[in-house]
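Subject: Structure handover

Hi,

Please open it alongside the text as you read.

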Amino acid sequence: MSSPSKIKSDWDFWLNYPNNLQKPENHQPIIHPSYYYIYNCETNEILFTSDSFEKILGYTKDDYSFIEIMTFLHPEDVKYVMECERKAIEFTAKLSVSELNRFVTTYTYRVKTAYGHYIRLKQSYQALEVNELGHMNRAIVFHELIDYHQQREKDDFKIFDRQSNQYVHAENRFNLTKREKEIFE
């Protein structure tokens, strides 16, 4: 029987595979540096962090907590991040328990590294576990390093529906047309 370390090393290609492939014109994938962590939404604790966290931000896993991560935010982005999280909470509050795992929330912001400079990240997250009350208990959060100089849209907050494979409006999770909404109401 294989040892646990042998099995883990055999699966490193899968465990380390980034969720952020882009296909440029020459169809060669561009892989942006990324990391992820598992977040306990009830206790505000980070339960697990990928090794690439330290490589990208310069902080060791022992150097931070969720509250400290909030202090990494660029001061000009704090209000935007809070607004995005408010919209995400309002959206998920309208979902049934079975729908919570279906949607991925994304937006971008800047964070300060341990090296003293700011980088721009695209954050994507989704529910991993839902508690008995129907609230997100644990989430998996991906941070993808993107071009710092790339201008962010005024509001790049998006919710992706994994079931329909498209983005939805936070106020209209089923992407109903105006007429369909009238009929529904």
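In what order do the seven strands of the open sheet run, and with what pairing? The order is β4-β3-β7-β6-β5-β8-β9, and the pairing is antiparallel. Before going further, a word on the source: this is a predicted model, in which local features need pLDDT of at least 70 and side-chain atom pairs count only at pLDDT 80 or more, while totals for chains, interfaces and linings use all residues. Residues are numbered from 1 along each chain as its sequence is written, and side-chain values use heavy atoms, with hydrogens and water left out.

**The sheet**

Helices (H or I, at least four residues) and strands (E, at least two) are DSSP runs numbered from the N terminus, and two strands pair if DSSP finds at least two bridges between them. Because β4 (45–49) and β9 (166–168) are at the edges with a single partner strand each, one side of each has no neighbour in the sheet. From one strand to the next, the twist averages 35°; axes here are lines fitted to C-alpha atoms, for helices over the stretch in contact, with angles from 0 to 180 degrees between N-to-C directions.

In the antiparallel pair of β5 (residues 103–112) and β6 (residues 118–130), there are eight bridges. Val111 stands opposite Ile119 in β6. Helix α5 (residues 78–93) packs on the sheet, where it touches β5, β6, β7 (136–146), β8 (158–161) and β9; contact means heavy atoms within 4.5 Å. The direction of α5 makes about 165° with that of β5.

Strand β3 (residues 34–40) includes Ser34. Ser34 has a relative accessible area of 15%, so this residue is buried (under 20% relative accessible area; exposed is over 50% and partly exposed in between, with a 1.4 Å probe and protein chains only). Ser34 and Gln123 are 89 residues apart in sequence, yet their C-alpha atoms are 9.8 Å apart in space.

**The core**

A nonpolar core is a set of buried Ala, Val, Leu, Ile, Met, Phe, Trp, Tyr and Cys residues joined through side-chain atoms within 4.5 Å. The largest one has 33 residues, and Tyr35, Leu57, Tyr107, Val111 and Phe157 have the most contacts inside it. Two or more residues come from each of β3, α3 (52–57), α4 (66–71), α5, β5, β6 and β7, with α5 giving the largest share, five residues. Beyond its neighbours within four places in sequence, Leu57 is in contact with Tyr35, Val111, Thr113, Ala114, Tyr115 and Ile119.

**The aromatic rings**

How many aromatic pairs does a search of the whole structure find? It finds nine, counting rings of Phe, Tyr and Trp (its six-membered ring) with centres within 6.5 Å; planes under 30 degrees apart are stacked, over 60 edge-to-face, and the rest tilted. Tyr35 and Phe53 are edge-to-face because their ring planes are at 90°, with centres 5.0 Å apart. This pair links strand β3 to helix α3, 18 residues apart. Tyr35 is buried at 3% relative accessibility, and Phe53 is buried at 1%.

Tyr107 and Phe157 make a tilted pair, 6.4 Å centre to centre with 35° between the planes. Here strand β5 is linked to the loop between β7 and β8, across 50 residues.

Two charges sit over rings (NZ of Lys or CZ of Arg within 6 Å of the ring centre and within 35 degrees of the ring normal): Arg152 over Tyr80, 3.8 Å from the ring centre, and Lys158 over Tyr167, at 5.4 Å.

Best wishes
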